[in-house]
Structure formats: C-alpha cells, structure tokens
There are 2 protein chains.
Amino acid sequence: MVTRVAATLKDIFYPDSIAIVGASSDERKEKSGWTGTLLNFGYKGKLYPINPKATKVLGLKAYPSVKDIEGQVDYAILNVSASLVPGLLEECVDKGVKVVHIFAAGFRETGKEKGMRLQEEVESIIERTTTRVIGPNCMGVHCPESGLTFANLPKRGGPAALITQTGAGAGRIITYASGRGIYFGKVVSYGNAVDLDSSDFLEILADDPQIQFIALYIEGIKDGRRFFNAVKQCVREGKAIVMLKAGLTEASKEAAASHTAALAGSEQAWGALFEQTGVIRVYTLEEIAEQLVALQYIPPLQGRRVGIIGRGGGPGVIATEICERAGLKVVPYSAEMRAQLEKITTADAGSMTRNPVEIGVGRAGAQQGYADAFNIVASGPQVDFILTHLNPDAFVLYGGKPEWLNYSLDALIGLFRTLPKPVAVILPAGETPESREIVHQAWAQCAEAGLAVFRSYESAIRAISNLISYYQFKEVGRLLGN
Amino acid sequence: MVTRVAATLKDIFYPDSIAIVGASSDERKEKSGWTGTLLNFGYKGKLYPINPKATKVLGLKAYPSVKDIEGQVDYAILNVSASLVPGLLEECVDKGVKVVHIFAAGFRETGKEKGMRLQEEVESIIERTTTRVIGPNCMGVHCPESGLTFANLPKRGGPAALITQTGAGAGRIITYASGRGIYFGKVVSYGNAVDLDSSDFLEILADDPQIQFIALYIEGIKDGRRFFNAVKQCVREGKAIVMLKAGLTEASKEAAASHTAALAGSEQAWGALFEQTGVIRVYTLEEIAEQLVALQYIPPLQGRRVGIIGRGGGPGVIATEICERAGLKVVPYSAEMRAQLEKITTADAGSMTRNPVEIGVGRAGAQQGYADAFNIVASGPQVDFILTHLNPDAFVLYGGKPEWLNYSLDALIGLFRTLPKPVAVILPAGETPESREIVHQAWAQCAEAGLAVFRSYESAIRAISNLISYYQFKEVGRLLGN
C-alpha cells in the first residue's frame, strides 16, 4: 500500500491537461459531450480525446488510449460504462494521471452484486496508487477560471463554492442562484466518494482565498471526526458554510443509499454538528441559493429588529406574522418617527406610518416618498435592518405598467448604500409575460448593484434569520477567543 | 331602528345598476378608474357615473347626484375621500340603493379621532336603514358573470370564491393562481366590515351552486358564533374552505388593527375552529392559491402513500425527506414492481427502480419509458397517489432544449386520466428567458387538461398533505352522520 498524497487545489480545479476517455467519434454527439462542453466553456489546458476508432474529435487529435499520449496528463474523465472503469482506471494510474473523475454510475449504489464488485475493484486499484479519484456516479468539477466544467454553466465565477453529492441538484442550485448574482468559483460533484470525500474538498477550499462561502449537499461521510475538523478549519479561515444534510428520515435514508451508497447517519449526530460549528442548516436546494444571496449581499446584522417598507395592508400583516414566527421583531416606531413618516404620506390611512410602512410604492412620481421612508426608518435606533417589498403585477391590475417597478428600484439602488442599516428586497417572480422579464431584469440589476433580492417573504426571512444566528455564533466564538 | 334584511347573492354580485359616486370628469383618468374598469370588464347592467361637473363620462350620461338618477339603483361605489362618505351614504340610503361599497380608507383603522368619528357616523346611518354596506377601506366585489369588478382581473370565472380583508392580497392570489387554472367566480374584499362581515358572505355563498371552494383571508370577525355556524353551513353544503387567519402574533395583531381596525382574537380560539370545522389552514397568500389547485384538480385521496416519478438522485432524496416530514409515506416497492421497472430502464443505476423512480424524463424519445413508469407505479397496491417532477432547465445544462419538456408533458396528459391513482406534477418556474415561457405555457396546458401542477415539492406536498387531512375529516364526519 502506498502513502496517499493529499490532492491540491491545482490537482482538482486547475489541471493543465485533461484526457477524455470515451470521447465519441460521432462529432455531432460529442459536441454536446465532454469534449464539446469543455471547448465551448473555454478550457485553457490541453485536451486529449481518447477513442480507439478516431484520429480526430472536434478538431483535436484523438488517441487510442491515455498510454499513447506523449506528455503528462493531469486529469482524466472516464466517460465509459461501469464495467470498463477498472481497466481504464488502471491505465490512468500507469500513466501517472493525478486525478481521475469517474462519471459512470452502476457501482455500489445499485445494491447489486455486479456493481458492488466493480466498486471493490476500483477501491483496490486506488489503494495501490497516488492517483486520486472523484466519483464514481457524479458530474465532477466546475471551475470557470480554469475552464473545467461539466455542463453549460455560467462562465462567470464568484466567491461561492459548492461541494455536492447531487449533480442534478448542482445544476438546479447554480441556475436558480445565478439570476440574483450568485456565481460559483468552484463546484465539485463527487457521487459515491470511493476516494475523495467532502472532507478532502473542504480541506482544499479552506486555503483558497477566492472562496468565501461554501455550500454542501451531503448524503453521507466516511470519517465524521475528519469532516468535523475540516468544517472547523474552513470556519477558522472565515468561510461561511451552508449545508443540506439529506437522508435523515426513514425513507430518505434508503433513497440516499440507492443514490450514492451513502450511510446517512442520525439526526442527533448531525444536529450536534450544526450546533457546534455554526454551519447554516437548510432543507432544499433553493434554500441553499437563498442563503448564499443573504451571505453575499447582506452586511453583518446586529440584531433581529426589522423595519418593513412597501406593501402594507394584508401583505404587510402576513409579512409581520412570518417575521415573528421566525423570531424577528417587527418593532413599533416612536411618535417622532411616525410624525416624520406622516409628513411624507398624502393619504390618511393609519397603517402607513406604523411598521410595516405603506408608501405608494412604484407608482410614477412616488419614488421620492419611497426614498424618504428609507431615510426615516433607517434612522430609527430600534431598527437593525429593513425589508422592502415590490411587486409590479399589482400595477397592471389597476391600469398601470409593470415598468413602474423601475421607479422604486432606481430610487432604492441609488440610496441603499448611504443608509446606516442593511436593506433586502422582496420581489416575487412576475406572473404575466411582461412582468416576468421585468422582474428578472430587476433581480439582475439588484445583484449588479450589490443589493440582496429574494423571491418571497418566507425565503427572505428564513435566510435572514439564519444569517443573524450565524453572526451571533461568530460573535460568541470571538468573545470566547475561538 | 329598522330590521336589517339579509343581503342576497343578487344584491352583492349581480346588481342590475351601479352608480359610481365620484367618477372623474377627466376622461383619461377615469379610463383606469371605476367607470373605465367596469366598461372594460364588460359590466352588463346600467352604469351611472356621478359627478356634479360632468354631463358625460366615457360616453355615459353623468349625474350630479344619485338622487338625480331616474330609475332604481341597486349598487353604489363611493369613490370619494372619507370625510365625504357619511353625506353621500345618506343620499344612497334616501335613494333606496340596496348595497353601497365604500372604497375610501381613513376610518377606524387610522386610530385617529377623525377616522373614528367618521366610522361612527357611518355606523349610525347604517343602523337606520335597510341599505347594506361593504367596507370601508376595501376593493369591493368581483364577479365575472355579472361584469362587476375592481381591477383588470381575468374575465373567466370558476368554482372558487374569495372573501378577503386584503384587496392587495386578492390581486396577488388571483394573479398567482390564474396561470394554473384557478379562476374566481366571486370575490369580495370588505375591509373594515362596518356592516357586512365574512359571516354574511359565507351565508350567501353557502347556497351558491356555482361555488365549490371558498378561500378566506380574515383579520377579525364581529360575531364568533355566527361565523362558526356560517362555516359549518358551507361545509354541510359540500364546499371546501381554505383560510388564512392573520394577526395571531403580537406585532401582526397591531398590524391588523391598523389595517382594518380588526380585533384579531387568539391562536387558541382560531386553532379550535380549524380543528372542529375541517377548514384548511394556510399561512401565505400563495398557499391559498396552491391549496385551491389541490382542491380543484386532485380527486379525493385515499391515503398518504406516495409514489415519486421523475428526477431521482439528490432531488429525489430531498423530495422523499420533505414528504416524510409532512407525514406522507414514500413506500418501498415490491420485488415484482421493481422487476417491471427494471425492464423499462436501460441504464443500470439502482435508484431508478426504487421509490423515487428515475426515468430519463423529458428527453426526446423517453416519453414511452415515462408513460410505462406511470402505469407500473399506479398499479402498485401500496401507492395512493403519484408525484412527478419535471424541470426543463436541466435539459439546457446538457445541450438539450427546454422544449423537450413537452415530450414528457404530452405523454403524461395523454395518460393520467386512465390511471387508477391521482397524479400531481411539480414543475418549477423557468430560470432562463426561453424556459420561463415554456413553463408558463406548460402550467396552462396542465390546467386545461385538468392536471394539478405545483411550483415546488414543498408547496405541492403541503397542499396535498392538507388535502388528505381534509378528506379524512370529511370521512369521519360521514361515519358519524354529521
């Protein structure tokens, strides 16, 4: 048995050369295969398509085997069926490939003898080599900076990383988040974790100065103590961690076992880990994205007291209730603040000057009142942060145009950085063909301006409540000298 | 004091004539005002714009006062500021108007002396007359069949009714729901409820054969016993009720008071009402819409055992966990069923034949396997209903087209009515300009075909879990002879 060498950031995310074992000789097919995807994404290193029957694949010289490549091969993608994996992995080992990504499924997760045996064969090969393996049964690595990827994902990187046992879920998180300014500098989908596990990737990213936020989707881990330490290491390095731990109910444990052959563990053990590490716990893929929006775009929050500006009336009552159920405080305003708010409203409905404050949001010409309301509410010593709610579909109902949204949005974007309190916007997806595009543009505009934007009160309040607990955990740790 | 006469369905929703007190003489303004909105919506009765300075408004003869109208006036909308309301209400009473809708805010909800006094004046007028009043501080009535409305809402009616103390919320619910086949035959936004209250509207709708589902947004009620009886009356008539009771936390109670001057009551009392009546409890406006989708489009469910078909992998594990946390059972399949499922899959990843079942959903040519999976899963005696998950954004990531969604959808729509078990679809909103429109079209297609479609696992599972409890409550009531 050889001494395994820890994989480095460069080994995993920045290989200088990649062999694609099992590139198709049918160019039309390979265009949307690994070779085409990497070329299209702009991979910067050397690409070696491997196919015994081809001399060229998409304009690149093809090789019958990795052994036939003249130079060094840093990274190989095994795009072959499970039964061919052990033999081809051996070839990669012989060639001295540093990292092999096994794309194929059909191993231990099948629960069948053939798959079990194949995974054992892979394990015994790994034991005898310094080559490190990602997978099997996974999408592998995405890193916009190096051009390595596994799908038509955004070419833009960012301070977020994603370590995941779901490839389909990775696509969902990245797509869902990208419209609101969350971009991933590093992603790794690692499936059955026959060799490299979440702990390895955490240890690697702990030292990556580009990464500030790490999201995890985990079904199982191999070494709890090591995982705990890797998490603590990332936290010490100032990185915020968001985690979805799947498979903690009866049937979902089974589902996790048949997805990645994972041993899911107990709610008790994982609950303790969340409590002791300050890792932010979420329950859906979309919540991962929402939490990253909160982490990246909301400055540190000092407390749970919220001022709400926007739709008063029924939506304001509901928002207040959601805040309270999540442990946020919708604080009453002083007589002085209410008098100031009174001055900037023309109608005489009382709810306008209480918390939530109702201004004629978004209507043409109303942007000054909207801006004034922010200045007044932000000045209140009883307010820690401000939530505001916009919804262009409401304009259409009363003969207005969804574009009126932009009056409020421009006012807010011009203003929010000058306020002494953080602001987050709730802006639900549009429900008409016109409002849909306007809302999506508005989300991008908020992200570009550095303003946190959420799709509903529930998602915003859940993410912000988590965020406050996170900052409190950090503060306690600082006081205790951790 | 006169004996108050109960308002009828005709009085509220089908007036033969409407006076718009305070129609603008500026035609451009009135086009998006009450007169323009009613003309545009196609109100079928006589419209009388009231404006002392105009002779015509949008082509209609204008009158200086309701008193100057020659014939009977069934319904009047008071579109004037609060301080003018008492005098103009008196005129309506003198004219013998049956129902007056007071649109203006600025009454008891302001918490100010002027508003309190104005509301008292209105109350004392009402005491002395048979005229019934909706409002103040509300949007009034929407009924596509008669053409009475308060906004640019869908002209299509349906078996759902909405009784609400939030006008803004009504717009949100109707807009959010309409894309998925939920249309409202009757809506009433009644604000401060100075006269007609939720109980009146429930009593009226209890006898309306067009209405099968009643959604309520309530901040406060005037007579708890009467409300309880009105709810029971609707339930006896076979109508399902969905209710959002707002204002049950500390600050939201305050918010409700300043919104509609409501006395919100206690969680204990309202919790008991939900338990004893089988009213389905929800917490957000969007949940009202989701619950109506479940009620209208899912046939009665016999139990909590679900079969999941669609995205397996991580999304399947998460879906399983959400189901279990909501008390649904993701049941294991028999060896026989798994063998049948095995036959229709080509790849050898084990998760495909367990529950959740993973089929190559949506890809071109995969519709047969998808259809076969439904037939096999629906035949399982351990399955009460099926959830399926589609997401066209996933195709784009791997070089496919979002239109591929339609292959699966067509297969499903052609099939679901022939299955022995109910089916619901989870189809999240698209995240790209192409997929957004394709998904919205797909929602409409599902609704047209009578297939329940939801935007997320969470929303579907919450609504379906509520639905099962509702049918259980009904079944117990039937057994007890209630």
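Is B:Phe103 buried, partly exposed or exposed, and what is its relative accessible area? In this predicted model, B:Phe103 is partly exposed, with a relative accessible area of 29%. The legends below present aromatic contacts of this kind.

**View 1. The aromatic pair of A:Trp34 and A:Phe103.** The structure holds 14 aromatic pairs over all chains. One of them joins A:Trp34 and A:Phe103, whose ring centres are 5.3 Å apart and whose planes meet at 85°, so the pair is edge-to-face. The two partners come from distant parts of chain A, 69 residues apart. A:Trp34 belongs to helix H3 (residues 34-41), whereas A:Phe103 lies in the loop between strand S6 (99-102) and helix H5 (113-127). A:Trp34 is buried because its relative accessible area is 7%, under the 20% cut-off. A:Phe103, at 28% relative accessibility, counts as partly exposed.

**View 2. The aromatic pair of B:Trp34 and B:Phe103.** In chain B, the rings of B:Trp34 and B:Phe103 form an edge-to-face pair, with 5.3 Å from centre to centre and 85° between the planes. This pair also links distant parts of its chain: B:Trp34 is in helix H3 (residues 34-41), and B:Phe103 is in the loop between strand S6 (99-102) and helix H5 (113-127), 69 residues apart. B:Trp34 has a relative accessible area of 7% and is therefore buried.

**View 3. The charged end of B:Arg180 over B:Trp443.** The charged end of B:Arg180 sits over the ring of B:Trp443, at 5.7 Å from the ring centre.

**View 4. The charged end of B:Arg455 over B:Tyr176.** Here the ring belongs to B:Tyr176, and the charged end of B:Arg455 sits over it, 4.0 Å from the centre.

Terms used:
Residues are numbered from 1 along each chain as its sequence is written. Chains are lettered from A and ligands numbered from 1 in the order in which they are written. This is a predicted model: local features need pLDDT of at least 70, side-chain atom pairs count only at pLDDT 80 or more; totals for chains, interfaces and linings use all residues. Side-chain values use heavy atoms; hydrogens and water are left out. Rings of Phe, Tyr and Trp (its six-membered ring) pair if their centres lie within 6.5 Å; planes under 30 degrees apart count as stacked, over 60 as edge-to-face and the rest as tilted. Helices (H or I, at least four residues) and strands (E, at least two) are DSSP runs, numbered from the N terminus. Buried means under 20% relative accessible area, exposed over 50%, partly exposed in between (1.4 Å probe, protein chains only). A charge sits over a ring if NZ of Lys or CZ of Arg is within 6 Å of the ring centre and within 35 degrees of the ring normal.
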